[in-house]
Each structure stands twice: as C-alpha cells, then as structure tokens.
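Please look through the sequence and the model shown here before reading on.

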Amino acid sequence: MTEASAESGYAGRTECAEVRTPWRTFLRTETGSAAVLLAAVIAALTWANISLSGYETFWRNTLSVRIGSYGLSMDLRGWINSGLMTIFFFVVGLEARREFDMGELRERRRVALPLVAGISGMALPVVIYLAVNAGHASVHGWGAAMSTDTAFALGMLALLGRRLPGGLRAFILSVAVVDDFVALAVIAVAYSEDVDMAALLSAIGLLAVIVVVRATGLRKGPVYAVLAVGVWIALFESGVDPVVTGLVVGLLTFAYPASRSDLERASGLFRRFREQPTPELERSARIGLASAISPNERLQRMYHPWSSYVIVPLFALANAGIRITPHELSQAFTSPITLGILFGFVVGKPVAILTASYLATRLSGGKLRPPVGWGATAAGGTIAGAGFTVSLLIATLAFHGDQLEEAKIGTLSALICAFLVAWAVTAVIGLLPRQRRNRALLGTSEQIVDLAVPVDPERDKVRGPMDAPVTVVEYGDFECPYCGRAESVIRDLLADFGDVRYVWRHLPLTDVHPQAQLAAEAAEAAAEQGAFWEMHDVLLDHQEALRPQDLHRYAEDLGLDVERFRKHLRRHQGAARVGEDVDSADLSAVSGTPTFFINGRRHRGAYDIGHLSAAVRAARQRAALAPGD
C-alpha cells in the first residue's frame, strides 16, 4: 500500500482509518440513505395530510429551461422523476457493472440465476396483479407491481445486520438491477405514447457513438456527459421516458482493479511534482492518480452520495404524499389496485424468486445455485418485495386521481409488509440449531476463488496447522507501515483461532519502499537456514532499519551463519523466489499491501481484529458445510 493512499486503508487498534472498499462504501451509503429515504416518505405523508392541495400545487409548478430557440418544460415532479432519477439509475448501473467486472458476476455463468430469478420475480407479481384486477379498467397499471426498490432493499439488509450472510447482498442487488432494466424497458414500451421514431433512432445512434468512443479507450468525462445528455434529450423528445439513459450508460462503464504498473506510474508522477511543484506537473500527477482508478469507481464515488441522500429522498418527497384517513384506507384496501400491488410484492416476489432459484438449481444439476443457503434466499425474496421507486414511477404514468392514491397506498403497504415478513423469516432461521442455521444461511454453493496461485505448503511460508480448515494469505511488504500494524492483528488472530494457518507472500512496493526488495530477499536468506519466521518478525518490528548492515545484524542476533547469509544476500539468490510471489500477486490483481485472502477469497473488509475474526468465522462455517464434510 502506498503511503499516500494507505492512510485510509488501515483499520485496527490504531488511530488510522478503516479500510474502505467500493463495495463496503456502497453498502454503508445505502444503510444511511435508507434512513434519509424513510424520513422523506414520512415528511411527504405529513405534508400531504396537512395540506394535500398545497402539496400537489407545489410539485405542479412548471420549470422551463431554454437555450436559444430550444427549450424543455416540465413540472417539478417531472424534472425529478424523469431528470434527477436518471442519475439514480446511472449509479445502479455502475454498481451492477462493477459486480459484473469484479464481483460475484465476473464468473459469467453466475449471471444466469439473478437473470432468471429477476424476470420470474417480476412475472409472477404481474400475473397476480392481472388476476386481482381482471375485468377492471385498472388492469393497465400492472407495471406498478413488479420492480424491487434497490435503496430500500439494501437498507433492509443493513437493518437486519448479522442475521443474513454478506453474499445475499450481491444476489439481491443483481436481481434488483434486472428488475430495473426490465421495468425501464416496460416504461419505454408500455407507458410511452406517441413515440417519435426519428428522435428514438437518434437516441439509439448516440448510444452507439458512446459504445464506439468507449472502445477507443477515450477517458474524457465531458465527452461522455455531452453524449449522455444528448441521449436523454432525444428520448425525451421521442416520448419515451428518458430515465433509461442512466442505467444503460452506467452498465457501459467499465470497472477494474488498479494495476500495480498504473500505481507505480502515478507514484513517479507524484515524486516529480514533489521535487518540482509546478502547475504542469501538478496536472500530470492529478491525471495520473485519477487514471489508476477505473472510471466506474470514480463516478460511483462522485454520484452515489448525491443519489442516495438527495435524489431518491427528493423523489420520495415528491411522490409519496397521500392523504391517509380511515375512509381512504378502507377504500384502498377494497381496491383491486391496492390489493394487486400488495399481493404482487409480498406474495409474488418471494415465491417467484425462491421457486425460480430452486428450479434453476435442480435443472442445472447444481451448477446454478444461489450464493447463499435456502433460508437466506427465502429472506432475500421477501426483501425483494420492497417496491417503491420504480413502482411509484410507473404508478404516476398509469394512474391519476383516486387510482394513483390507491396505488401509492399499495406500494407503501407492501414496503412495510416486506420488512415485517423478512424480519419474521430471519427470526425463524435464528431459532434453528446451529448447524442447520448455518446451512440455511450459507448453503453449500461453490465460492469464487480470487487467489490465482493456490497455497503450496512445499513452497509457501506457513504458520499454523497444515490441515487447518481456514487459510489466511497475506501479500505484504516489510517496509510498509500498514503491514507492520497489521502484524499484531495477525498474531492475535492466530492466538484466538487454533485452526487457522497463515501464509506470507512477498509484494515489495519498490517504487515507494526502496528497502523492501532487499528485506524480502533477507527473509528468504534466513529461510535457507530454517529461520524465515524469526526474520519475518524482526523485519516487521524494525521497519525503519532495513539497510544491509541492519539485515546482517539481525542475522547475527538470530544466530544464523552470517557469512552464508551475506553471500545469499549479496548474490540476490532470493530474488527469484520473491519474484514468484510478485507474479502470483499480479495474477490475483493485487496492487497494494497488505492484501488478504481467506480460503482463496479476497478479503475486502477492514483488517482489524474484529473484521478479520468475523471473516475467519464465516469461512470456517462454510468449510464445515462443504460437500463431503
């Protein structure tokens, strides 16, 4: 880990900050935004019940934007629903693309299950809605009963906390993205009138231009922004709701881990600026640092807080306001619109997702299965019944007047019921005996292995029992201060868990730590005399003194054959062995230190004792459930 970036990368019993990864940051933001979104819903309900006419009058105010002779005009609600919500769907598309490129879905066969579950989880609620509304004029509002709300679903997962495994989040997110994509297609096809084909073809053409520009490798944000705005305007003029622009552009934005070569180039640019702080070198360093991070992650970091804390709560404030009185409620709960939406979400979603997942598992011979156990899948299905954003969006297009109020009551009721049912399901799972509970939550699905080169006890340096069910691999740098701080955590971890084996692999970051390579070779020289771990501990305890004379002194203090040690070090006989570890790090997309893998799975959380212990416990539980155990 470079010293410039690592200040926010260490989380232990020190004063440094917690490790922040895109996935952890995303979930943390969703957790906080769920509370803000709920507050916005309550505010909208309060406002509407104080003065429904004032509420509606405010959101019907017209706002026009004109450039020369061309202008766009919508009411405030329209600007939020069709304008700002484009950014919300853009962020959803970015996160889905990140999962596709770097997360659970990078193994392409895993895309099939969320796709099947997502489509099934939309089809059955629609069938239920159509059955309840058969023979009524409200049948055309079927689209309001099908789409999961990403923000509320992830917020519910956060509130349920440790009751559910972390793998469920990626599954539910993937299902929700399928929902959103299909729902936006439904909006474009079923709820758009008087489509202007010329404008629609222009929008498609501009999307094709974005694809071509992306293929050239151009990374100029303003170019993509102008093209995306052009797509939005063309769709608006075509009569198709333009919010689909955000999701499509987000899905087209690549995500990839920072490569070591890019980080080394960024370090070189920063050093040049440090030596000569001119505006030109400042710009070069800034561009170099930015280019080391994928556009997907930079854009997500930029827009996600705005989407979660401003745009979606504004949408709720503009759309969730309904008058709630005993008369309205009694009328709504005898309305086929309310009942169709309520039963579609609360019954249709979980039944469809669980059934589709089960059938996919059976028909594929187990090759396609949820990443979690069936109990967690059932809980996830109930959470997917949290419809809000897209449901209200379609409701505003399909209904007016009393029917719109009934649709809103159905959506809000489904939201409440989905959380209560999910809580009940997790409570029942919690009552199961420990082994059955673990199986219900974790399942026995095959996990993605991130570690490209498996641990080889004949080659790797191993601490702990060789037959341990949990293996922790660390890629480290003896001069990296964060590796030094993590070392005390590792010692506590090994003391707390007697069934963990620990492996150290070298990754000297020579661009920022000039003594790291020689220190790694010194550890290998000590290994030749059976003292690798003794030298390992000494080097991490004396990171500020790693010059050749210091290394020789440590060898003498450890009682090694110093002349043999000197010769090994002088001839760089350990360089090839260190190079093997560096090559394996590159294959595993490791670019900084310390980086941990637990049973072959990259640990993306903090590396304090609490987070590492939780990850080890989860790995141990999963290992105990592995087939054949």
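What follows goes from the strands to the nonpolar cores, then to the aromatic rings and the cysteines.

The model is a predicted one, in which local features need pLDDT of at least 70 and side-chain atom pairs count only at pLDDT 80 or more, while totals for chains, interfaces and linings use all residues. Residues are numbered from 1 along each chain as its sequence is written, and side-chain values use heavy atoms, with hydrogens and water left out.

Begin with the strands. Helices (H or I, at least four residues) and strands (E, at least two) are DSSP runs, numbered from the N terminus. Two strands pair if DSSP finds at least two bridges between them. Strands of a sheet pair through backbone hydrogen bonds, either parallel or antiparallel.

Strand S1 (residues 62–67) and strand S2 (residues 70–75) run antiparallel and are joined by six bridges. Within this pairing, Arg66 has Gly71 in S2 as its bridge partner. Two residues lie between the strands of this hairpin, and Gly68 there takes a positive phi near 65°.

Another set of strands makes an open sheet of five, in the order S3-S5-S4-S6-S7, with mixed pairing. Which strands stand at the edges of this sheet? They are S3 (461–463) and S7 (601–602); each has a single partner strand, so one side of each is left without a neighbour in the sheet. S3 runs antiparallel to S5, with three bridges between them, and Val462 has Val503 in S5 as its bridge partner.

S4 (residues 470–476) is paired with S5 (residues 500–506) in the parallel sense, over seven bridges. Val473 stands opposite Val503 in S5, and Tyr475 has Arg505 in S5 as its bridge partner.

Are the residues of S4 buried or exposed? Buried means under 20% relative accessible area, exposed means over 50%, and partly exposed is in between (1.4 Å probe, protein chains only). Seven of the seven residues of S4 are buried, so this strand is largely enclosed by the rest of the structure. Val470, Val472, Glu474 and Gly476 point one way from S4, while Thr471, Val473 and Tyr475 point the other way. S5 is likewise largely enclosed by the rest of the structure, because seven of its seven residues are buried. From S5, Val500, Tyr502, Trp504 and His506 point one way, and Arg501, Val503 and Arg505 the other.

Next come the nonpolar cores. A nonpolar core is a set of buried Ala, Val, Leu, Ile, Met, Phe, Trp, Tyr and Cys residues joined through side-chain atoms within 4.5 Å. The largest one has 98 residues, and Phe89, Leu164 and Phe388 have the most contacts inside it. Helix H6 (residues 167–190) gives the most to this core, with 10 residues. Leaving aside residues up to four places away in sequence, Phe89 touches Asp180, Leu184, Val243, Gly246, Leu247, Val390 and Leu393, where contact means heavy atoms within 4.5 Å. A second, separate core has 57 residues, among them Cys480, Met535, Ala585 and Ile609.

Now turn to the aromatic rings. Rings of Phe, Tyr and Trp (its six-membered ring) pair if their centres lie within 6.5 Å; planes under 30 degrees apart count as stacked, over 60 as edge-to-face and the rest as tilted. The structure holds 15 such pairs. One of them is the tilted pair of Trp47 and Trp59, at 6.0 Å centre to centre and 50° between the planes. Trp47 lies in helix H1 (residues 22–50) and Trp59 in helix H2 (residues 52–59), so the pair ties together parts that are 12 residues apart in sequence. Trp47 is partly exposed, at 27% relative accessibility, whereas Trp59 is buried, at 4%. Together with Tyr55 and Phe58, Trp47 and Trp59 form one aromatic cluster.

Last are the cysteines. A disulfide is a pair of cysteine sulfur atoms within 2.5 Å. How many disulfides does a search of the whole structure find? The search finds zero. Cys480 is in no disulfide, and its nearest cysteine sulfur, that of Cys483, is 3.6 Å away. Cys480 counts as buried, at 0% relative accessibility, and Cys483 also counts as buried, at 1%.
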